[in-house]
Every structure is written in C-alpha cells, then in structure tokens.
Amino acid sequence: MVLLGAFVNAACIIGGTLLGKLFSRIPEKMKATVMHGIGLAVTVLGIQMGLKANQFLIVIFSLVFGAVLGELWKVEDKLNQAGDWLERKVGASEEGGVAKGFVTGTLIFVIGAMAIIGALDSGLRGDHKVLYTKSIIDGFTSLILTTTLGIGVLFSAVPVFLYEGIIALFATQINQWIPEALIDAFITEMTATGGIMIISIGLNLLGITAIRVANLLPGILVTALIVPLFYYWNSIIQFISIFS
C-alpha cells in the first residue's frame, strides 16, 4: 500500500495529540516553562536545518519573494479565519489556539528531508521505514506541543498526509522526469528555507518575536522554482567551460 507510511504518520500525530490533551491541565507556570523549553528546542532544530544550505542565496530569495507572496495572498489572515472556524467547531477555550497549533505542527512535521525521502521510498519501493521512524518522532512531538498549544496540533495531520501521500503517489513520475541531483538539491535548500521558518516559530514561542510565519510559507514554492534555475544554469556553465 503506497499510502501506508503517510497514513501511519498522520495517525501518530493524531494519537500524540489526543494523549497530549490528557496532560494539558497542568499549572500555568509549568505550562509556561514547558513552552519555553519547546521554543528553545524548536529554535535549535531550525538552526540545524538552516545551516544545511549549499546555496544560501536561494534561501534568501525564497524567504524574500515568499514573504511578498504571502502578504499579497494574505495567507496568515486566511489561516486565522480557518482557525476561527475550527475553534467554533471544536469549542476551543483559547482564541487563536487552533490556528497556532495547526501552523506550528504543520511546519515542524512537513518541512524537512525525512518527509520527502520517506514518501519517495514509499512510492518507489514500497519501503515505509523512514516514514515509520518519522511517525514515532512526530507522535512524541505532537504530544509535547499539545500540552501547551492545544488541539490545533491535531489538524496538522491533514496536510502531512496530503503532502506525503501526493509525493508517494507521484514518486515514479518524479523519479523518471527529475534528475536525482536536482531532487537532492531541492531537499537541501527546502530544508534550509524551512529551517529559518522553524527558527521564527521558536522565537514566537519564546515570546521574543511576533513573526507572521504563515506568510513565509510560499517560500517553499519559490524554492521549488529557483532551485531548478540554479541547477540548469550551473549545468550550462559547466557545459560551456568544457568547450572553452
């Protein structure tokens, strides 16, 4: 089953969230300290991811043009509207909590090499080991996030399943039409770009900044457009240098 890995990943996020709700009624001071701990850990994770860039210029372009698109498309506002709707449906006690948990969970669970590599393995070889490993990590992460961010983390399971599922379903076409070196380059720069976004999440959780992280999300799309340009431009330069 091609989608098994993606399904298990989504199920672990849901399961972790439901378990996290059992521990959500902790004292406010403890909850604040836990939130700060999560913020520090997320910030370090983002730094590690951001340092993996091979072409940091791509990361800068992706964030700048992604931010422009995000502001023009009003991604943050639309996500907040969706969050308000979800809050009314689930009866969330804290205003904005669903949207915050959803965005935070989605960025942490979706951005990174394991999601893409695992989904490709599922689609090409029916090997779900990478996604199984990611599922365990995401399950524990969702449990911890839910204790402070609430039920909104649960809804991040939907984009995770769609993201990994689509990659798995189209893995054969992706492998057939896109060079492996280009895929590797995209994974590297996308991970770095996403890492910067995750740093912003960590800083927001620490209360240091109030960055509109959702408006940076189009940067991933920009990365997907810029990386091929850099890749084929370098290929042309190398081709010309051979005959010069």
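Predicted model: local features only at pLDDT ≥ 70, side-chain atom pairs only at ≥ 80, totals over all residues.
Local features require pLDDT of at least 70, side-chain atom pairs count only at pLDDT 80 or more, and totals for chains, interfaces and linings use all residues. Residues are numbered from 1 along each chain as its sequence is written, and side-chain values use heavy atoms, without hydrogens and water.

The protein contains 11 helices and zero strands. Helices are DSSP runs (H or I, at least four residues), as are strands (E, at least two), numbered from the N terminus. The radius of gyration is 19 Å, close to the 18 Å of the globule rule for 244 residues, so the protein is as compact as a globular protein of that length. The radius is taken over C-alpha atoms, and the rule is 2.2 Å times the number of residues to the power 0.38. Along the principal axes, the C-alpha atoms fill a box of roughly 70 × 40 × 30 Å.

Of the 244 residues, 43% are buried. Buried means under 20% relative accessible area, exposed over 50%, and partly exposed in between (1.4 Å probe, protein chains only).

Two aromatic pairs were found. Rings of Phe, Tyr and Trp (its six-membered ring) pair if their centres lie within 6.5 Å; planes under 30 degrees apart are stacked, over 60 edge-to-face, the rest tilted. The Phe61 and Phe65 ring centres lie 6.1 Å apart with planes at 45 degrees, so this pair is tilted. Both residues sit in helix α3 (residues 56-73), four residues apart, about one helical turn. Phe61 is partly exposed at 32%, as is Phe65 at 46%. The Tyr231 and Tyr232 rings have centres 5.1 Å apart and planes at 85 degrees, so that pair is edge-to-face.
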